[in-house]
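Come along and look things up with me.

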Amino acid sequence: MPPAPSRVTGAPPEVTVLGSVLLSASRSPWLRQAVTSVPATRGVVDRFVAGEDRADAVRAVADLVERGLTVTVDHLGEDTTDAATAGAVRAAYVDALAAFAEAGIAKSVEVSVKLSAVGQALAADGAAVSLENARAICDAASAVGTTVTFDMEDHTTVDKTLAVVHELRRDFPWVGCVLQSMLRRTEGDCHDLAGPGSRVRLVKGAYREPASVAFQDTTDVDRAYVRCLKILMAGQGYPMVASHDPRLVAIAAHLAERAGRGRDDFEFQLLYGVRPDEQRRLADDGYRVRVYVPYGTDWYGYFMRRLAERPANVVFLLRALAGRG
Ligand code: FDA
């Protein structure tokens with residue numbers, strides 16, 4: 001069977017192939033070793049990653065908050081295969097939340113958590129371990145007066161992730177989740193999650209998915225994004241519009257206005273290092289803007305997905321590797 005195409009199928013063929021290769025490479029241990037061991041890569045990674053330790057994260061967050069932006073912080077890591085690492089990730093989040101409180105910025109910064117980083121994929125009791133770790137992170141967020149959003153990973157994890165979110169919302173009604181417009185199921189999930197108090201981040205989707213579950217053409221992904229936006233904006237929850245796509249940003253602003261939402265009744269979210277000028281413009285126009293700030297040493301998978309989204313970024317990497325960065 002041929003490999004399933006990536007979501008960049010609507011793009012020119014050379015972009016499609018490169019994006020697909022990069023998404024496959026994001027799961028390759030061999031390439032991980034090759035890319036992460038070259039010091040020159042660091043300069044390109046710094047564009048997308050705030051640094052390796054907590055102090056770097058606090059510095060980057062404080063700078064953004066100072067400039068009137070809000071933040072969601074991701075402690076990098078995914079696909080954890082042992083309980084000790086899952087526990088260490090949980091501790092890193094708890095400590096980071098305490099550090100944000102100490103720096104007086106906790107109200108402006110929430111955290112984004114991948115359930116696979118806190119144990120979801122563990123062979124023994126993955127569901128229970130990840131729920132327990134996620135609950136501890138929610139407790140810590142609650143203690144400093146902020147929130148948690150659970151990132152969405154590939155389609156095989158969606159039901160498990162939504163089940164955890166559903167369970168946590170009993171005790172922490174502010175828990176947010178992510179839905180990916182590329183998945184055919186997502187319009188239905190938007191309907192289910194558009195109720196009072198829900199916080200849904202809508203993204204296009206960053207994983208390589210088969211045609212049986214996901215739209216393959218960018219136009220179809222974008223159209224689905226607009227259909228999902230309409231549902232969320234008309235609903236009673238708090239939509240979090242996570243995209244750098246100028247057309248979708250404009251449509252979201254229009255739909256929010258049409259639904260009678262004020263500029264603080266939903267938010268735009270963009271990734272650290274991507275379209276910073278647009279982050280500024282939206283904030284200056286009075287919209288709530290949240291920047292997704294990743295930090296940590298385990299940046300390989302995140303970094304490769306950013307390259308796959310915009311293969312032009314590969315040029316920066318190649319230049320850096322050639323010593324001309
Ligand atoms: P698109 O990829 O079409 O990009 C539109 C334009 O934005 C491009 O033409 C370019 O100008 C710019 N751009 C986009 N990506 C860039 C990059 N890497 N470098 C430079 N410029 C770039 N996905 C997921 O599956 N699960 C999740 O939990 C999340 N979480 C998440 C949080 C936040 C805050 C954001 C913004 C995104 C995510 N994503 C995600 C990623 C998302 O699914 C998607 O892959 C990216 O946002 C890229 O899609 P866009 O909507 O930006 O459009």
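Below are my entries, one topic at a time.

**Entry 1: before I start**

I remind myself that this is a predicted model.

**Entry 2: the ligand and its shell**

I began with the ligand. Which residues come nearest to the ligand? Of the 25 residues around it, I found that Lys-204, Gly-205, Ser-243, His-244 and Glu-309 do.

Next I looked at atom pairs. Glu-309 has a polar side-chain atom 2.6 Å from an oxygen atom of the ligand. With Gly-205 the backbone takes part: one of its N or O atoms lies 2.7 Å from an oxygen atom of the ligand. Arg-201 places a polar side-chain atom 3.2 Å from a nitrogen atom of the ligand. I then noted how much of the ligand is covered: taken alone it exposes 930 Å², and the protein buries 86% of that.

I also asked where the shell comes from. At least two residues of the shell are supplied by each of β4 (176-180), β5 (199-203), β7 and α12 (300-309). The largest share, 3 residues, comes from β7. Sorted by class, I wrote down 11 nonpolar, 6 polar and 8 charged residues for the shell around the ligand.

**Entry 3: Ser-112**

I went to strand β2 (residues 109-113), where Ser-112 lies. Is Ser-112 buried or exposed? Its relative accessible area is 0%, so I put Ser-112 down as buried. The side chain of Ser-112 does have a polar partner, the side chain of Thr-72, at 2.7 Å.

I listed what else Ser-112 touches, leaving out residues up to four places away in sequence: Thr-72, Val-73, Asp-74, His-75, Tyr-93, Thr-149, Asp-151, Arg-201 and Tyr-292.

**Entry 4: Thr-80**

I found Thr-80 in the loop between β1 (70-75) and α5 (83-102). With a relative accessible area of 7%, Thr-80 is buried, because the cut-off for buried is under 20%. Leaving aside neighbours within four places in sequence, I noted contacts from Thr-80 to Thr-85, Ala-86, Ser-116, Ala-117, Ala-121 and Leu-122.

**Entry 5: Ala-140**

I moved on to helix α6 (residues 126-143), which holds Ala-140. Ala-140 has 15% relative accessibility and counts as buried. Residues up to four places away in sequence aside, Ala-140 touches Val-94 and Leu-97. I also checked one distance: Ala-140 and Arg-54 are 86 residues apart in sequence, and their C-alpha atoms are 16 Å apart in space.

**Entry 6: helix α11**

I looked at helix α11 (residues 276-284) and wrote down its buried residues, Glu-278, Gln-279, Leu-282 and Ala-283. Why do I say that they line one face of the helix? Seen down the axis of α11, the buried residues fall within an arc of 135°, and so they line one face.

What covers these buried residues? The cover includes α10 (246-258), β7 (267-271) and β8 (289-295). On the face of α11 turned away from the buried side, I found the exposed residues Asp-277 and Asp-284. Just after α11 comes Gly-286, which takes a positive phi of about 90°.

**Entry 7: Arg-288**

I followed the chain into the loop between α11 and β8, the place of Arg-288. Arg-288 is partly exposed, at 39% relative accessible area.

The side chain of Arg-288 makes a polar contact with the side chain of Tyr-238 at 3.0 Å. The side chain of Arg-288 also reaches the backbone oxygen of Asp-264, at 3.4 Å. My contact list for Arg-288, without residues up to four places away in sequence, has Tyr-238, Arg-263, Asp-264, Phe-266, Glu-267 and Phe-268. For one more distance, I noted that Arg-288 and Leu-115 are 173 residues apart along the chain, with 26 Å between their C-alpha atoms.

**Entry 8: helix α13**

My last stop was helix α13 (residues 312-321), where Asn-313, Val-314, Leu-317 and Ala-320 are buried. They cover an arc of only 120° around the axis, and therefore sit on the same side of α13.

Key:
Residues are numbered from 1 along each chain as its sequence is written. This is a predicted model: local features need pLDDT of at least 70, side-chain atom pairs count only at pLDDT 80 or more; totals for chains, interfaces and linings use all residues. Side-chain values use heavy atoms; hydrogens and water are left out. Helices (H or I, at least four residues) and strands (E, at least two) are DSSP runs, numbered from the N terminus. Buried means under 20% relative accessible area, exposed over 50%, partly exposed in between (1.4 Å probe, protein chains only). A polar contact is a pair of N or O atoms within 3.5 Å; within protein, one must be able to donate a hydrogen and the other to accept it, and residues adjacent in sequence count only if both atoms are side-chain atoms. Contact means heavy atoms within 4.5 Å. The arc is that of the directions from the helix axis to the C-beta atoms. A residue is near a molecule or strand if one of its heavy atoms lies within 4 Å of it. Accessible areas come from the Shrake-Rupley method with a 1.4 Å probe; for residues, only the protein chains shown count as cover. Ala, Val, Leu, Ile, Met, Phe, Trp, Tyr, Cys and Pro count as nonpolar, Asp, Glu, Lys and Arg as charged, and the others, Gly among them, as polar.
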